Amino acid sequence: MSPTPEDSPVHRPLRAVDIIIRKRDGLELSKAEIDYFIQAYTSGEIPDYQASALCMAILLKGMTDQEATDLTLAMANSGEVLDLTPVIGKAVDKHSTGGVGDKTTLVVEPLVAACGLKVAKMSGRGLGFSGGTLDKLESIPGYRVNLTMHEFLDQVSRIGIVLSGQSADLAPADGKLYALRDVTGTVPSIPLIASSIMSKKIAAGAHTIVLDVKTGNGAFMETIEDARKLAELMVAIGRLSGRKVIALLSDMNQPLGCAAGNALEVLEAIETLHNGGPNDFRDHCLEAAGYLLYASGKTGNLSDGKKMAEKALENGSAFEKFRLLVQAQGGDVRVIDDPSLLPKAPVIETINAEQSGYIAGIHARTIGETIITLGGGRAKKSDSIDHSVGVVVHIKVGDRVEKGQPLFTVHAKNAADLSMARERISAGIHWSDQPVEPLPLFYGVVE
Ligand code: URA
């Protein structure tokens with residue numbers, strides 16, 4: 001039976017249609033209304049068309065911080081909520097809102113695990129033009145992303161790190177709602193994105209959450225204003241639900257690092273774990289790791305957190321942790337020791353500059369979309385992925401480039417794909433005769 005609390009604004013059994021009408025008219029929903037809607041939608045009592053209508057009303061009318069928090073907790077409580085305290089103490093988690101070339105998890109998680117933090121992370125697959133950690137890890141032959149809960153907990157207590165897919169038992173309401181939003185034009189709603197992300201983090205047992213909120217043409221939040229609003233809302237949800245949340249606002253107007261595409265990103269992550277890799281990506285990882293170490297209380301301030309992380313890159317302990325992780329999850333460690341064994345595309349070609357000048361823009365979203373067309377991402381949920389394809393970009397915004405200098409390298413499965421990628425990516429590179437300021441890595445922090 002549906003709950004009929006005394007304080008319900010409508011003094012009769014709760015009905016989906018009344019809740020939709022109240023939100024359509026811009027009213028604030030009560031916790032009882034939100035709990036009822038989410039429970040009844042998860043159980044199948046409320047159909048998709050009514051849930052779509054509510055999502056559209058939320059997209060158009062917004063939500064207060066309290067409503068977004070109630071929605072987050074209702075979705076988190078729609079399934080199992082993990083308590084990791086007996087295994088790893090207060091759990092710390094990180095989450096990126098998604099971007100192009102964002103292989104941060106592959107470096108940051110082993111890095112902080114090497115510094116003594118217990119890492120029990122559930123990651124996702126690619127979403128639209130943005131890549132996903134699970135797809136990247138599956139470039140490593142044998143790597144298992146579908147661990148049982150027992151294997152997940154056992155591994156983190158044995159070796160201090162586990163990186164797998166999200167259990168279907170966690171936040172099932174979000175799984176259902178996300179699929180619905182994807183096909184009803186209701187993804188880009190700040191309260192819906194915030195509650196979707198935060199419900200999964202809370203269900204996965206996180207007490208302290210470091211968020212990497214990306215902004216730019218290769219991110220879901222294209223403007224800094226929207227990214228800041230999303231960050232502020234997630235920090236507010238954290239405060240109202242008793243979690244500590246720190247949100248970094250980071251740039252996604254060009255790919256992060258050089259490599260975009262699954263196996264290519266694993267290769268770049270391995271290079272970075274060997275204390276190499278592109279400077280922007282390394283600095284981004286050290287900043288995120290520094291925040292995780294500081295937020296978890298491993299260090300007393302951010303600067304010591306970054307120093308500790310830097311040491312773990314320099315002394316090889318971060319790489320060793322990654323190797324251990326791959327081995328524990330059934331991956332072929334020969335590929336980690338010799339990354340030339342990673343899947344390789346049959347057609348590889350570097351495109352050189354046809355002019356000299358300054359790089360004014362590299363359209364990250366175009367690169368992400370091109371990788372999907374190359375076969376490195378999914379157009380439909382059921383599509384399989386070619387891990388070998390992708391793009392390595394050799395330039396950054398602000399660089400001075402001379403004619404003939406390499407711009408980017410395409411890894412494709414045939415010549416037709418190569419020429420498609422060459423044209424699309426070239427059209428996304430913008431030039432200037434005048435010097436151009438490099439892009440910042442971060443725009444700020446919301447705590
Ligand atoms: N990532 C999520 O998990 N949910 C959203 O709604 C958007 C990005």
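Predicted model: local features only at pLDDT ≥ 70, side-chain atom pairs only at ≥ 80, totals over all residues.
Q: How many bridges join β8 to β12?
A: Four bridges join β8 (residues 357-362) to β12, and the two run antiparallel. Isoleucine 359 has tryptophan 431 in β12 as its bridge partner.

Q: Which residues are around the ligand?
A: A residue is near a molecule if one of its heavy atoms lies within 4 Å of it. Here they are Leu127, Tyr178, Arg181, Ile193, Ser196, Ile197 and Lys200. Helix α10 gives the largest share of this shell, four residues; a helix is a DSSP run of H or I, at least four residues.

Q: What is the distance from lysine 200 to the ligand?
A: A polar contact is a pair of N or O atoms within 3.5 Å. A polar side-chain atom of lysine 200 lies 2.5 Å from a ligand oxygen. For serine 196, a side-chain N or O atom is 2.6 Å from a ligand nitrogen. For arginine 181, such an atom is 3.0 Å from a ligand oxygen.

Q: Which cut-offs apply to the model?
A: Local features need pLDDT of at least 70, side-chain atom pairs count only at pLDDT 80 or more, and totals for chains, interfaces and linings use all residues. Residues are numbered from 1 along each chain as its sequence is written, and side-chain values use heavy atoms, leaving out hydrogens and water.

Technical notes
Polar contact = N/O pair within 3.5 Å; in protein donor to acceptor, adjacent residues only side chain to side chain. Pairing = 2+ DSSP bridges.
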